[in-house]
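Hi,

Here is the structure I promised to hand over.

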Amino acid sequence: MQNALLIGLSRQMTLERQMDVIANNVANANTNGFKADHSLFEEFLNSNAREDNFVGADRRVSYVQDRGTYRDIGQGPMEATSNPLDMAIDGNAYFAVQANGGEMFTRDGKFSLNSTGQLVTPSGNLVLGTGGPITFQPTDHDINVAPDGTITVLEGTAKTDSIRGKIRMASFDDPTKLTKLGANLYSAGSATQQPDAKSTVRQGYLEKSNVNSVGEMTRMVEVMRSYTAIANLLQQQSDLHKSAIEKLADVPA
């Protein structure tokens with residue numbers, strides 16, 4: 001196969017995978033606490049020749065390779081909800097939850113109470129405090145969450161606060177090493193947990209996705225145009241090759 005076709009195909013393959021990343025970002029533009037992914041590209045040099053009897057060095061061919069993706073861990077905008085069970089973390093920490101038989105992490109603070117009074121995520125996973133799952137009593141009211149994550153309530157007709165737990169905020173040395181599991185959950189992966197004295201909890205707020213919808217749609221159009229342009233180029237190369245073969249066939253022997 002000609003080098004132009006190989007290079008064009010390598011670029012089309014990376015564009016297809018980049019489109020998948022962009023489409024996932026757009027689909028999660030309204031997902032609470034979602035962190036956008038972006039593609040990384042690099043030049044891959046390789047020689048097409050396989051013989052060793054050329055005079056001089058063989059010219060290397062430059063291909064396109066998507067090396068991987070990186071996660072934008074920048075904080076998303078805060079949206080006030082006035083719901084006392086909605087929480088957002090101002091900082092780099094994550095909420096710790098119990099899911100899939102282990103400890104997972106999320107930035108989505110849209111919490112509620114299950115039938116037994118436990119604080120849970122939209123998927124029903126238990127929200128963990130520093131002492132385990134957080135449970136409320138049926139007579140609890142006037143829920144208050146302090147910036148350090150301490151949850152207090154008024155129980156029944158009592159006039160003094162009762163503590164129901166403290167939200168556990170997990171911080172990591174490199175949040176980009178967290179592994180995405182789907183359903184807005186992460187596992188620790190190769191990241192190491194570390195103390196975090198800077199992150200705070202904001203009650204009555206939700207962190208929205210940090211996806212720039214306009215930017216992602218612009219990139220989607222750019223990818224589509226690039227893919228079409230390369231397809232046209234490959235078709236022209238194919239037509240040129242076909243025309244050359246036909247003309248060679250007409251040359252008298």
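Let's start with Gly165, which is found in strand E13; helices (H or I, at least four residues) and strands (E, at least two) are DSSP runs, numbered from the N terminus. Leaving out residues up to four places away in sequence, Gly165 touches Gly149, Thr150 and Ile151, where contact means heavy atoms within 4.5 Å. Pro133 is 32 residues from Gly165 along the chain, and their C-alpha atoms are separated by 8.4 Å.

Some ground rules before I go on. This is a predicted model, so local features need pLDDT of at least 70 and side-chain atom pairs count only at pLDDT 80 or more, while totals for chains, interfaces and linings use all residues. Residues are numbered from 1 along each chain as its sequence is written, and side-chain values use heavy atoms, with hydrogens and water left out.

**The sheet around E13**

Strand E13 belongs to an open sheet of three strands, in the order E11-E12-E13, with antiparallel pairing (two strands pair if DSSP finds at least two bridges between them). At the edges sit strand E11 (140-145) and strand E13 (161-166), each pairing on one side only. From one strand to the next the twist averages 30 degrees; axes are lines fitted to C-alpha atoms, for helices over the stretch in contact, and angles run from 0 to 180 degrees between N-to-C directions.

E11 and strand E12 (residues 150-155) run antiparallel and are joined by four bridges. If you want one to look at, His141 has Leu154 as its bridge partner in E12.

Asp142 also lies in strand E11. It isn't a glycine, yet its phi is positive, at about 50 degrees. With a relative accessible area of 53%, Asp142 is exposed (buried means under 20% relative accessible area, exposed over 50%, partly exposed in between, with a 1.4 Å probe and protein chains only).

**Another positive phi**

Ser82 has a phi near 65 degrees, again positive in a residue other than glycine. You'll find Ser82 in the loop between strand E3 (78-80) and strand E4 (87-90). Its relative accessibility is 69%, so Ser82 counts as exposed.

**Asp196**

Which residues does Asp196 contact, leaving aside its neighbours within four places in sequence? They are Asn92, Ala93 and Ser171. Asp196 itself is in the loop between strand E17 (193-194) and strand E18 (200-203), and it counts as partly exposed because its relative accessibility is 28%.

Its side chain makes a polar contact with the side chain of Ser171 at 3.3 Å. For that term, read a pair of N or O atoms within 3.5 Å; within protein, one must be able to donate a hydrogen and the other to accept it, and residues adjacent in sequence count only if both atoms are side-chain atoms. The Asp196 side chain also reaches the backbone nitrogen of Lys198, at 2.8 Å. Gly91 is 105 residues from Asp196 in sequence, but the C-alpha to C-alpha distance is 9.1 Å.

**The N-terminal end**

Helix H1 (residues 3-27) has 25 residues and reaches 36 Å from its first C-alpha to its last, close to the 36 Å expected at 1.5 Å a residue (that is, 1.5 Å times one less than its number of residues).

An unreviewed UniProt entry lists residues 5-35 as "domain: Flagellar basal body rod protein N-terminal"; UniProt positions are in the numbering used here, feature names are shortened, and annotations may be inferred rather than shown by experiment. That span is 74% helix and 0% strand, with its end C-alpha atoms 36 Å apart.

Cheers
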